[in-house]
Amino acid sequence: MYDLIVVGAGPAGSAAARAAALQGLDTLILEKEHFPRYKPCGGALSSRAASLLDFTLPYEVCERTITGARVHFRDRVLERHKGYNLTTLITRCQFDHLLLQKAKEAGADTKTEKVQAFQEKDEYVSVKTKDGIYRGKFLVIASGCQDSLKNKICGPDKKENMGVCLVAEIKEDDQKIKERLAGTLDIHFGMAEGGYGWIFPHRGYYSVGIGGLSSRLHHPRRAMLQFLKKNGFTEEQKLHGHLIPQGGNKRRTAYGRVLLAGDAAGFVDAFTGEGICYALSSGKIAGQVIGDTPAPEVASAYEKRIGKDFGEELRYALFLSKMMHNYPEIFLRILACREEVLDRYIEIAAAKISYKDFLRWLLPRLPLSLLRTL
Ligand SMILES: Cc1cc2nc3c(=O)[nH]c(=O)nc-3n(C[C@H](O)[C@H](O)[C@H](O)COP(=O)(O)OP(=O)(O)OC[C@H]3O[C@@H](n4cnc5c(N)ncnc54)[C@H](O)[C@@H]3O)c2cc1C
């Protein structure tokens, strides 16, 4: 009998396992893939996300420091920089491997097994894999958004609340990457319906991708090929597709002895697609709450902590993304073409300003016609 079983060793699962093991809980992680494993991602770790780690990221993992953003919309290009780090670029296979090592160092056990089902009993949760049955007093489901285990708690995903992304890692000489982007995230609005395209300057490669709402981006592959071509890349790239949940919608994230964390809980910024921050944060909260709360109160304590720590941020991000979807032309002309707006917006990644404060500042500057559409 474990105190806690965690399904999935992405940022949410490893953060949950580390937090629980550090409190002395007997913790098991069940992960279906052998690590290090590939994960489709842009690899942008915001300063806010990095600040949640209780250890320093080694140099090999931090590929580039990002201090600014270049935003394209139609024929306009706007670039703003800050004098400090907004984001660090990492490669997920190394980053996630490191997080898993940190969970193990804290005392968590790991097994490479795919969880097929779970069942909650009065005193524990029974977890079934191909190789056997495990028992844990609590279960954290951190198996991402494409796995169906979470559905027992929150129900199936609605298509309108899901995004779809395509990404390619394109090798390039570091000097050329530096000359093209250096410390800049390159964001292209208007390339993908209900979302955007990105070019991120990693070490030795670009992450190039597009992401948009599943209900609007009907031909993601076509949009991706256009995006590649438009930006001077050949179309013969290995493309990886992945779903991404739209955060900020109401859904159940805990019940009885089972908690959902990270993408499994839908904790992703609906405007930018940032999810690592909320995966780390929710995982950590799950591990802590299980360690320090009486069993019958764990589920409600978890949902309360999530609501307090970042629930409001995700709702404001959703609000912003709805503004963009309802009136893209006007909204993007403001975000992508007005220096003061972009200048403020990028401060969110560094936690210098919250979404709430950004929106409070932005609303009086928006035209009435845009506000009427909300
Ligand atoms: C293309 C793309 C680009 C993105 N770019 C960024 C970005 O630049 N910055 C950012 O902050 N966010 C980004 N995101 C979002 C981010 O990747 C996710 O929010 C984040 O990975 C969520 O972490 P997680 O731990 O919840 O889930 P995951 O990282 O998906 O990890 C889930 C783990 O569970 C395992 N698993 C699944 N099912 C089972 C099972 N049944 N049994 C055992 N193990 C299982 C999987 O193998 C996996 O290792 C991006 C997403 C996509 C799709």
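Visitor: In β18, which residue is the bridge partner of L139?

Guide: The partner of L139 is V258 in β18. The model is predicted: local features need pLDDT of at least 70 and side-chain atom pairs count only at pLDDT 80 or more, while totals for chains, interfaces and linings use all residues. Residues are numbered from 1 along each chain as its sequence is written.

Visitor: What makes β11 and β18 a pair?

Guide: Two strands pair if DSSP finds at least two bridges between them. β11 (residues 133–141) and β18 (residues 258–260) have 3 bridges, in the parallel sense. Helices (H or I, at least four residues) and strands (E, at least two) are DSSP runs, numbered from the N terminus.

Visitor: Which strand is joined to β11 by 5 bridges, and which by 4?

Guide: β1 (residues 2–7) runs parallel to β11 and is joined to it by 5 bridges, with L4 opposite F138. β10 (residues 125–129) runs antiparallel to β11, with 4 bridges, and V125 stands opposite G136. β10 and β11 form a hairpin, with 3 residues between them.

Visitor: Why is G136 called buried?

Guide: G136, in strand β11, has 25 other C-beta atoms within 10 Å, so it is buried. The term requires 20 or more within 10 Å of the residue's own C-beta; 12 or fewer would be exposed, and anything in between partly exposed, with C-beta atoms placed from the backbone.

Visitor: What is G136 in contact with, beyond its neighbours within four places in sequence?

Guide: Contact requires C-beta atoms, placed from the backbone, within 7 Å. By that rule the partners of G136 are Y2, D3, L4, I5, L28, Y124, V125 and V127. Y124 is 12 residues away along the chain, and its C-alpha atom is 5.6 Å from that of G136.

Visitor: Why are α1 and α7 called roughly parallel?

Guide: Their axes cross at roughly 30° and come within 7 Å. Angles under 35 degrees count as roughly parallel, over 145 as roughly antiparallel, 65 to 115 as roughly perpendicular and the rest as oblique; α1 and α7 are therefore roughly parallel. The axes are lines fitted to C-alpha atoms, for helices over the stretch in contact, and angles run from 0 to 180 degrees between N-to-C directions. Residues of α1 (residues 11–22) that meet α7 include G13, A16 and A20, and those of α7 that meet α1 include A279, G283 and G287.

Visitor: How does the reach of α7 compare with its expected span?

Guide: α7 (residues 276–292) has 17 residues and reaches 24 Å from first to last C-alpha, close to the expected 24 Å. The expected span is 1.5 Å times one less than the number of residues.

Visitor: What makes β3 and β4 edge strands?

Guide: The open sheet has 3 strands in the order β3-β7-β4, with antiparallel pairing. β3 (44–46) and β4 (64–66) each have a single partner strand, so one side of each is left without a neighbour in the sheet. The twist averages 30° from one strand to the next. β3 is joined to β7 (residues 87–89) by 3 bridges, and A44 stands opposite L89.

Visitor: How do you know that β15 is largely enclosed?

Guide: 8 of the 9 residues of β15 (residues 205–213) are buried, so the rest of the structure largely encloses it. β12 (residues 162–171) pairs with β15 over 9 antiparallel bridges, and β14 (residues 196–201) is joined to β15 by 6, also antiparallel. In the hairpin of β14 and β15, G204 takes a positive phi near 85°.

Terms used: Two residues are in contact if their C-beta atoms, placed from the backbone, lie within 7 Å.
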